[in-house]
Amino acid sequence: LCIGLIGSTFIHLFRTNITKTLDQRAKMILSSDMAISGRRKLADNEKIKVAEYLRDKITRRVEMRELYSMGKSSKTKNTESRSRLTFIKSIKGKYPLIGEIKLTDGNTLDEDLIKKLQSHPYVIISKEVEHQLKVKVGDNLWFGEQKFEVFGTVESDTTSSLRGVSLAPKVYIGDAFLDKTNLIKFGTLAWYSTFYLLKDDQKISEYKTEIYKRITDPAIKVDTPESSSEQVGRVVNYLSDYLGLIGIVALLISCVGASYLFQSYVFDRLKQIGILKSIGVSKKELISSFMIIITSFGLLATILALSLAKLMLPIAMVYLKEWVNFELKTFIDLEIVGIILAIGTVTNLLICYPILDRVFNAKTIDL
């Protein structure tokens, strides 16, 4: 029971951590105060309308083009060429406007580095690309018809919420070289985004409404930190559903184990129950005494599980940092304590009561 409750504790703790942290880091995930994006470029008249409206309301803006494409490593003496699906982000200005992208060599993706990406076909890859394509700094990668040299590997990226939940790992290139890849043609699915830093981020909802009045095409979206968090939240909900299924399995294993343990405990005391019934102890008193014992064991298992989970948290967080790129809270809140307490005590009572009721209804002589 204790082992099952420890598993449930970590599952609930992980879900709570992810949800709360995403809410707090919504701006970093969006990488700006506001963004306008779509699967087509803004028309000239739309650009003019938006620019005129936001002229005195923003402090900075940056444009980006994104698309999925296969990346291919060059064949060498020691390795065969490999290809994997990647998510290409072509940048030409300061990105991200909020947050930062750190490289494994200690550098940060700043304006100076982004200028280098415009003048030379460099590519900055994620660790997943490095691992999947077996490439390192100085090696070459092909995207479309353009060859790129690996400049660095991303150590941490605040614009990413979880590693592994996206369709493909990210790579960053200079926007000046995207057209040379010849990947964007008629029918190509690409995203065109413009990110903004606002002078007054308290009026985001007002700005969003006014922009939608000027751009009525539903293909163009205005993203805010709140909507960005909701989009990532959908992915997290899928993850939560999956973790919930694991939680149900852990609970069922705990319940099956508890039912066998307590059933064995009750059946070992059939003679004791028969003696108590024969000397006049009522069924209500018998059930109450056993329920107290079962509840005590449930509470003991719950306390032990929460205590062990607390001790194991630092070790678990070290492992989870391989998959998430933000700090996780290392405390167990009252909500988790309540859930585990309910599983450890209420569930046991529900399982054991029918067994006790059947036993106590048996004839005293049979017991």
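User: Is Lys 134 buried, partly exposed or exposed?

Analyst: Relative accessible area decides the class: under 20% is buried, over 50% is exposed, and partly exposed lies in between (1.4 Å probe, protein chains only). At 44%, Lys 134 therefore counts as partly exposed. This is a predicted model, in which local features need pLDDT of at least 70, side-chain atom pairs count only at pLDDT 80 or more, and totals for chains, interfaces and linings use all residues. Residues are numbered from 1 along each chain as its sequence is written, and side-chain values use heavy atoms, with hydrogens and water left out.

User: Which peptide bond is cis?

Analyst: Omega is the angle to read here. A cis peptide bond joins Tyr 95 and Pro 96, with omega at about -5°. Pro 96 is in the loop between strand S3 (83–91) and S4.

User: Is Gly 106 buried or exposed, and is Thr 224 buried or exposed?

Analyst: Gly 106, in the loop between S4 and H4, has a relative accessible area of 59% and is exposed. The C-alpha atoms of Gly 106 and Val 154 are separated by 9.8 Å, the two residues being 48 apart along the chain. Thr 224 occupies the loop between strand S10 (220–223) and helix H7 (225–267), yet Thr 224 is buried at 8%. Beyond its neighbours within four places in sequence, Thr 224 is in contact (heavy atoms within 4.5 Å) with Leu 30, Asp 33, Ile 204 and Lys 208.

User: What does Gln 146 touch?

Analyst: Not counting residues up to four places away in sequence, Gln 146 touches Pro 121, Leu 141, Phe 177, Lys 180 and Thr 181. Gln 146 lies in strand S7 and is buried, with a relative accessible area of 16%.

User: How many residues are in the largest nonpolar core?

Analyst: In soluble globular proteins, nonpolar side chains tend to be buried together. A nonpolar core is a set of buried Ala, Val, Leu, Ile, Met, Phe, Trp, Tyr and Cys residues joined through side-chain atoms within 4.5 Å. The largest one here has 21 residues, and those with the most contacts inside it are Ile 91, Tyr 95, Leu 109, Ile 124, Tyr 172 and Phe 195. Two or more residues each come from strands S2 (58–73), S4 (101–103), S5 (122–125), S7 (146–157) and S9 (190–198), and from helix H4 (111–119). H4 gives the largest share, three residues. A second, separate core of 18 residues includes Val 123, Leu 133, Leu 141 and Val 150.

User: At what angle do H9 and H10 pack?

Analyst: Axes are lines fitted to C-alpha atoms, for helices over the stretch in contact, and angles between N-to-C directions run from 0 to 180 degrees. Helix H9 (residues 283–320) and helix H10 (residues 334–360) pack at about 150°, with axes 9 Å apart. H9 and H10 are therefore roughly antiparallel; the classes are roughly parallel under 35 degrees, roughly antiparallel over 145, roughly perpendicular from 65 to 115, and oblique for the rest. The residues that meet include Phe 290 and Leu 299 in H9, and Leu 341 and Tyr 353 in H10. By class, this contact has 15 nonpolar, six polar and two charged residues.

User: How far apart are the axes of H3 and H6?

Analyst: Helix H3 (residues 44–54) and helix H6 (residues 204–214) have axes 10 Å apart and an angle of about 150°, so H3 and H6 are roughly antiparallel. Lys 49, Val 50, Tyr 53 and Leu 54 in H3 meet Glu 206, Tyr 207, Glu 210, Ile 211 and Arg 214 in H6.

Definitions and conventions
Helices (H or I, at least four residues) and strands (E, at least two) are DSSP runs, numbered from the N terminus. Ala, Val, Leu, Ile, Met, Phe, Trp, Tyr, Cys and Pro count as nonpolar, Asp, Glu, Lys and Arg as charged, and the others, Gly among them, as polar.
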